[in-house]
Amino acid sequence: MTGTPPVVHGISGNFFYDLGSDAEVMMNDPAFLRVGTIFKAFQDQGARIAIITAKDKLRRMLGHELDFEQGSAICFSAEKCQLTTRSENGIDDAGQLTDLPPPDVYSGTLSEYVFSAGLTLLDTWSPDILYLSTSDYIQHKHGPGTPTADAFYGMIDHHLLEMQAHDAVIAVTADHGMKAKHDSAGQPNIVYLKPLINELLPSDRFRIILPITDPYVVHHGALGGFATIYLADPADVQPVCHKLSAQKGIELVLEASIACERFSLPPDRVGHIVVTSSTEWVLGHSQQYHDLSTLSEPLRSHGGLSEQRVPFILNYPAPLLVASTTLRNYDIFDAALNHTTD
Ligand SMILES: [Zn+2]
């Protein structure tokens with residue numbers, strides 16, 4: 001939504017350690033955003049912007065600085081679609097946009113609502129840009145090729161076809177892939193970082209941050225493939241790196257400066273060490289920290305190198321893009337707006 005990587009826009013995860021306030025906090029406040037959004041820039045030039053996001057946690061970020069008074073911007077979440085107001089969201093009662101019942105936040109219907117309401121707006125409100133952001137609830141629970149996953153993608157296909165019929169330029173991408181993270185018995189493969197580091201250091205000398213942490217834990221239990229570690233004493237960096245590198249299930253252990261360079265992350269929002277897990281594993285804090293009873297299906301998650309590849313799909317040819325091998329998901333705005341040809 002900014003067309004830039006995290007080192008520029010500042011948002012490095014759901015959750016981070018805020019050095020300024022010395023607290024571990026959610027990163028869903030637009031105050032953490034360091035650049036303006038593409039949506040705001042377009043609205044300033046007279047364009048009509050409609051944004052629908054599945055979970056409410058993204059809403060204020062996506063709608064940052066939009067003017068909802070002049071009738072040219074709409075931004076709301078499917079989760080809170082029944083609570084929208086014209087002054088806050090640019091639309092009263094967005095729950096009336098479709099015939100679907102109010103969606104549960106933990107459901108595929110949440111994303112279906114996003115598409116369905118988006119189509120209604122395309123029909124009735126003529127946005128210049130329509131931005132739809134779904135949730136990955138289904139993908140966390142159901143692998144590719146399973147009936148539930150296929151039905152979900154069928155639902156998406158159906159809506160994209162309808163949008164295509166409106167002559168819309170459609171761009172589809174994702175913020176991450178998804179991989180199975182369990183053994184053959186369905187038990188999660190978890191590397192708990194705290195007990196490992198405790199073998200070297202007492203707990204008051206380090207802090208583990210799992211950026212996947214958010215209030216919606218039912219589908220992943222705050223278990224992902226990426227962790228960053230803060231150390232009270234920088235002299236501990238080498239021994240901790242050495243220890244973790246030797247651990248099964250860990251793919252990469254990098255000092256922060258190298259990780260920030262490689263992954264375009266904001267250095268002031270990353271600890272001293274970055275750790276990623278290998279394909280079939282996730283990183284946990286400690287056994288007590290995670291409530292695994294919320295996982296009703298074998299764990300699937302994201303955050304490591306194995307989930308870096310994402311789809312990048314346009315419904316028109318973009319011949320000048322074909323040769324590029326460095327496309328990122330945030331380039332899809334540029335691709336859709338500047339590169340598609342009839
Ligand atoms: Zn997820």
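Into which domains is the chain divided? In this predicted model, the chain falls into domain 1, covering 37–173, and domain 2, covering 190–305. The centres of domain 1 and domain 2, taken over C-alpha atoms, are separated by 32 Å, and the contact draws nine residues from domain 1 and eight residues from domain 2.

**Contact between the domains**
- Sorted by class, the side of domain 1 that touches domain 2 is made up of three nonpolar, three polar and three charged residues.

**The parallel sheet and its helix**
- Three strands in the order β4-β3-β5 make an open sheet, in which the pairing is parallel.
- The edges of this sheet are taken by β4 (73–77) and β5 (129–133), and because each has a single partner strand, one side of each is left without a neighbour in the sheet.
- From one strand to the next, the twist in this sheet averages 5 degrees.
- Strand β3, residues 49–53, pairs with β4 in the parallel sense over five bridges, and Ile 52 has Phe 76 in β4 as its bridge partner.
- Helix α5, residues 109–124, lies across β3, β4 and β5, and its direction runs at about 170 degrees to that of β5.

**Helix α7 and the residue after it**
- Asp 167, which follows α7, has a positive phi, near 65 degrees.

**The antiparallel sheet and its helices**
- Four strands form an open sheet in the order β9-β10-β12-β11, and here the pairing is antiparallel.
- Its edge strands are β9 (206–209) and β11 (250–255), each of which has a single partner strand, so one side of each is left without a neighbour in the sheet.
- Strand β10 (residues 226–231) is joined to strand β12 (residues 273–277) by four bridges in the antiparallel sense, and the bridge partner of Phe 226 in β12 is Thr 276.
- Helix α9, residues 237–245, lies across β10, β11 and β12 and runs at about 170 degrees to β11, whereas helix α10, residues 256–263, packs on the sheet by touching β11 and β12, with its direction at about 110 degrees to that of β11.

Note on methods:
Residues are numbered from 1 along each chain as its sequence is written. This is a predicted model: local features need pLDDT of at least 70, side-chain atom pairs count only at pLDDT 80 or more; totals for chains, interfaces and linings use all residues. Domain bounds come from an automatic or database domain assignment. Two residues are in contact if their C-beta atoms, placed from the backbone, lie within 7 Å. Ala, Val, Leu, Ile, Met, Phe, Trp, Tyr, Cys and Pro count as nonpolar, Asp, Glu, Lys and Arg as charged, and the others, Gly among them, as polar. Two strands pair if DSSP finds at least two bridges between them. Helices (H or I, at least four residues) and strands (E, at least two) are DSSP runs, numbered from the N terminus. Axes are lines fitted to C-alpha atoms, for helices over the stretch in contact, and angles run from 0 to 180 degrees between N-to-C directions.
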